Amino acid sequence: MYNWDFGIVFSNWNVLGIGLLNTIKLAALCLVTGLSLGLLVGIARYSKRKIFNWPASIFVEVFRNTPVLVQIMWFFFALPILLQTQINAFSAAFLGLTMNTIAFSSEIFRGGIQSIAPGQWEAGKALGMTYVQQMQRVILPQAISRMIPAFTNRGVELVKMTTLASVIAFGELLHQAKTISTIYFNPIETYTVVALIFFVLIYPGTLLVRKLEKRADQ
Amino acid sequence: MEPILKIEDLHKSFGRLEVLKGIDLTVNKGETIVLIGSSGSGKSTLLRCVNFLELPSQGCIYLKGILQGTEKSMKSGKTNRVYHESQLCKVRTQVGMVFQHFNLFPHMKVLENVMEGPKTVLRISQKEAEQRALQYLEKVGLADKSQSYPARLSGGQQQRVAIARALAMEPDIMLFDEATSALDPELVGEVLLAIKELRDEGMTMIIVTHEIGFAYSVADKILFLHHGKIHEAGTPDEVLVRPKEQRTKEFLAGHNQFQIPQHSE
């Protein structure tokens, strides 16, 4: 019978605390940057003009069809050599996760924009609105409210994906846990606590998605 | 006097399909023109060319005497007209349009729907836009619904809001694209009445409709479109009562297939 001992984990709470803060910091920063740039890429992808459409499409396809882990590794190990500089673990993780969020959220934006009936564009156009005004005043306000469940979902996924940054030794929650468990040989307690922390962090988000989806259905 | 709208040899193709094959039309101030014809005859396309929701493939459109678009010579040696978005935005402020499916902005209250054009496009102040919107809602009899969302309104009410929204831009000409085709029969009347009132006040209008009786009572001139051309044109009496062309007669016969016998006391 295994003798559970959470004492060591709790006495190292500050190590996990730093990890938790880093996890939140990374996820929040990637989410905000990813969503804002995702909007631009989404609009560019929706555009009929090839100079906007093509680069945006290539970007999205590249980052959607490669694993995030590979992207993070690439930004950490390959990009510094190409640029002849140092890139710290946080920046590499930030780049990888943000690019991925941009790619996915731009697809959500594009889908949301596409879901608005063509008559809405025409009504704006017939009033003499420019493309930007149609987008700003008519299309986005309607599209964004439809997209909120999908974005909340993306946020939840993003928090989970931050753990990938542990492979390049960024001190987020999982990496901090690994440190504790290597020193004290207590993987069971440490990873159990980490799992619980993630659950507490993520579950409200999942509940929120469910609620939003239900409301959207009505 | 300068006509509000003059169209010369208008052609419009979608890919290889030529929908309009040379339309000439002059609309004077205060005139009401009604376009009739079977679906696919090009009447909606013609209407949509007037406010450039569709760009003409060939031909000239003059609005208040101004030829729209700029001339550009093509590689083939022919010249063609090109239309710049910024010019079109300005033209569209002078041409009001009412759509078959209303196309109200569902995320805005009725008042905001009507204010939107004057505020965002004409850039008049919030307060002025609000006054103007209320004035036009009053006109279509819906001032009391100004704080409702469109979804709470009946189809007929929504269409009247859409009319107010177009009027609030104070356009020189109004276009109605089958404005009652999506409505329950019992709601058609209120919208037709609103349009008729506009005519009586001297608004210049082009109306696409399947309501032949309505066409008869409001039109100064009726155009029967067939295969992308004006097949027959004239006063309501000439076109609807004594049509000369075989195709016009057939079209009208199709519309009058079933009639309730007149009740005699």
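Predicted model: local features only at pLDDT ≥ 70, side-chain atom pairs only at ≥ 80, totals over all residues.
Reader: What percentage of the residues in chain A is buried?
Author: A residue counts as buried when its relative accessible area is under 20%. Applied to the 218 residues in chain A, that cut-off gives a buried share of 45%.

Reader: Are helix 2 and helix 5 of chain A parallel, perpendicular or oblique to each other?
Author: Helix 2 (residues 13-46) and helix 5 (residues 89-114) of chain A have axes that come within 6 Å and cross at roughly 45 degrees, and the crossing is right-handed. By class, the contact of these two helices of chain A has 16 nonpolar, 9 polar and 4 charged residues. Because angles under 35 degrees count as roughly parallel and those from 65 to 115 as roughly perpendicular, helix 2 and helix 5 of chain A are oblique.

Reader: Which residues make the contact between helix 4 and helix 5 of chain B?
Author: Helix 4 (residues 126-139) and helix 5 (residues 155-167) of chain B pack at an angle of about 135 degrees, with their axes 9 Å apart, and this angle makes helix 4 of chain B oblique to helix 5 of chain B. The crossing of the two helices of chain B is right-handed. From helix 4 of chain B come B:Tyr136, B:Leu137 and B:Lys139, and from helix 5 of chain B come B:Val161, B:Ala164 and B:Leu167.

Reader: Is the aromatic pair of A:Trp74 and A:Phe75 stacked, tilted or edge-to-face?
Author: The structure holds 14 aromatic pairs over all chains, and in this one the rings are 5.5 Å centre to centre, with 85 degrees between the planes. A:Trp74 is partly exposed at a relative accessible area of 40%, whereas A:Phe75 is buried at 8%. Since planes over 60 degrees apart count as edge-to-face, the pair of A:Trp74 and A:Phe75 is edge-to-face.

Reader: How many residues apart are B:Phe52 and B:Tyr83?
Author: The ring centres of B:Phe52 and B:Tyr83 lie 5.0 Å apart with planes at 45 degrees, so the pair is tilted. B:Phe52 is in the loop between helix 1 (43-50) and strand 4 (58-63) of chain B, and B:Tyr83 is in the loop between strand 7 (79-82) and helix 2 (85-93) of chain B. Both count as buried, B:Phe52 at 1% relative accessibility and B:Tyr83 at 13%. The pair links distant parts of the chain, its members being 31 residues apart.

Reader: Leaving aside neighbours within four places in sequence, which residues is B:Lys72 in contact with?
Author: B:Lys72 sits in strand 6 (residues 70-73) of chain B and is partly exposed, with a relative accessible area of 46%. B:Lys72 and B:Val82 are 10 residues apart in sequence and 6.6 Å apart in space, C-alpha to C-alpha. With those neighbours left aside, the contacts of B:Lys72 are B:Lys78, B:Thr79, B:Asn80 and B:Val82.

Conventions: Residues numbered from 1 in each chain as written. Chains lettered and ligands numbered in written order. Heavy atoms only, no water. Axes fitted to C-alpha atoms, helices over the stretch in contact; angles between N-to-C directions. Helix = DSSP H or I, 4+ residues; strand = E, 2+ residues; numbered from the N terminus. Parallel < 35°, antiparallel > 145°, perpendicular 65-115°, else oblique. Left-handed = near helix turned anticlockwise from the far one by under 90°. Contact = heavy atoms within 4.5 Å. Phe/Tyr/Trp six-rings, centres within 6.5 Å; stacked < 30°, edge-to-face > 60°. Buried < 20%, exposed > 50% of the residue type's maximum accessible area, 1.4 Å probe, protein only. Nonpolar A, V, L, I, M, F, W, Y, C, P; charged D, E, K, R; others polar.
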